[in-house]
Amino acid sequence: MIGIIGAIDQELNYFFQEMIIAKTEIIADKTFYVGKLRSHNVVIVKSGIGKVNAAMTAAILMERFLARMIINTGVAGGLEPLKVGDVLIAKGLAYFDVSLTEIDDVPFGQMGSDPLLIKTDEAYLKKAKQVFKTLGYDFHEGNVVTGDRFVTKKKDLAKIKKQVDNVVACEMEGMAIAMVAHKFNKPFISVRGIS
């Protein structure tokens, strides 16, 4: 089973149009749509905005639906050289709003002993790039940072950019999903459109 997570309806509408829904299940305030997308068994779910919603949803996908991998899709704010409408495949994800530096000897962005940056699964990254090339779509690669606030100024990302190189976008769910996948030892990939 493949888990697909988007934060808002607009990020998932295409999948729902293409999916054959076999059943739905409501857990907490999330509706999980189980069925087939082309020949793949999938569970598609709208997490809601933010890290807590994303982490909760990803954990349910792993535990209840036994997702073997997670695809996170949606939009992100881009940094130069990315432009509105570009497609981004995340190479790695990190938090931009975490700091334990006052109480612990860890870099800005790292939560205790958890990794600072979680890399996208190499095999799925390679497959995603092959699919985009086959379809003739241009795409970019780079690191994405996640936080529970909307970023409108470059300076808001200055501290994390000192710790993580090649930061090209920011959003509000990806690292939470990546962290859950990491802890469940399952692969994930994040594909975002730049808004």
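**Entry 1: two helices side by side**

I began with helix α2 (residues 51-63) and helix α5, which pack at an angle of about 30° with their axes 8 Å apart. That angle makes α2 roughly parallel to α5, as angles under 35 degrees count as roughly parallel, over 145 as roughly antiparallel, 65 to 115 as roughly perpendicular and the rest as oblique. I looked up the handedness too, and the crossing of α2 and α5 is right-handed. Who makes the contact? On the α2 side I noted Lys51, Ala54, Ala55, Ala58, Ala59, Met62 and Glu63, and on the α5 side Ala176, Ile177, Val180, Ala181 and Phe184. Sorted by kind, the residues of this contact are 10 nonpolar, no polar and two charged.

Axes are lines fitted to C-alpha atoms, for helices over the stretch in contact, and angles run from 0 to 180 degrees between N-to-C directions. A crossing is right-handed if the near helix is turned clockwise from the far one by less than a right angle, and left-handed if anticlockwise. Contact means heavy atoms within 4.5 Å. Ala, Val, Leu, Ile, Met, Phe, Trp, Tyr, Cys and Pro count as nonpolar, Asp, Glu, Lys and Arg as charged, and the others, Gly among them, as polar.

**Entry 2: what I am looking at**

This is a predicted model, where local features need pLDDT of at least 70, side-chain atom pairs count only at pLDDT 80 or more, and totals for chains, interfaces and linings use all residues. Residues are numbered from 1 along each chain as its sequence is written, and side-chain values use heavy atoms, with hydrogens and water left out. Helices (H or I, at least four residues) and strands (E, at least two) are DSSP runs, numbered from the N terminus.

I went back to α5 (residues 174-184) and asked how many of its residues are buried. Eight of the 11 are, so α5 is largely enclosed by the rest of the structure. Buried means under 20% relative accessible area, exposed over 50%, and partly exposed in between (1.4 Å probe, protein chains only). The buried ones in α5 are Gly174, Met175, Ala176, Ile177, Ala178, Met179, Val180 and Ala181.

Next after α5 comes Asn185, with a positive phi near 55°, although Asn185 is not a glycine. I found Asn185 in the loop between α5 and β10, and at 69% relative accessibility Asn185 counts as exposed.

In α2 I picked out Thr57. Is Thr57 buried or exposed? At 0% relative accessibility, Thr57 counts as buried. Leaving aside neighbours within four places in sequence, Thr57 touches Ile5, Lys30, Phe32, Val45 and Ser47.

**Entry 3: strand β6 and its partners**

I turned to strand β6 (residues 87-95), which is mostly covered, with seven of its nine residues buried. Two strands pair if DSSP finds at least two bridges between them. β6 pairs with strand β8 (residues 140-146) in the parallel sense over seven bridges, and Tyr95 stands opposite Thr146 there. With strand β10 (residues 188-194) β6 pairs in the antiparallel sense over three bridges, and Leu88 stands opposite Arg192. β6 and strand β7 (residues 118-119) run antiparallel, joined by two bridges; Ile118 is the bridge partner of Leu93.

Then I checked Val98, in the loop between β6 and β7. Val98 is buried, with a relative accessible area of 4%. Setting aside neighbours within four places in sequence, I listed Lys51, Phe108, Gly109, Gln110 and Met111 as contacts of Val98. I also looked up Val98 and Lys83: they are 15 residues apart in sequence and 26 Å apart in space, C-alpha to C-alpha.

Thr73 sits in strand β5 (residues 69-78), and Thr73 is buried, with a relative accessible area of 13%. Apart from neighbours within four places in sequence, Thr73 is in contact with Ile4, Ile5, Gly6, Glu11, Leu12, Phe15, Val191 and Arg192.

In the loop between β5 and β6 I found Pro81. A cis peptide bond joins Glu80 and Pro81, with omega about 15°.

**Entry 4: Arg38**

Arg38 has a positive phi of about 60° although it is not a glycine. At 63% relative accessibility, Arg38 counts as exposed.
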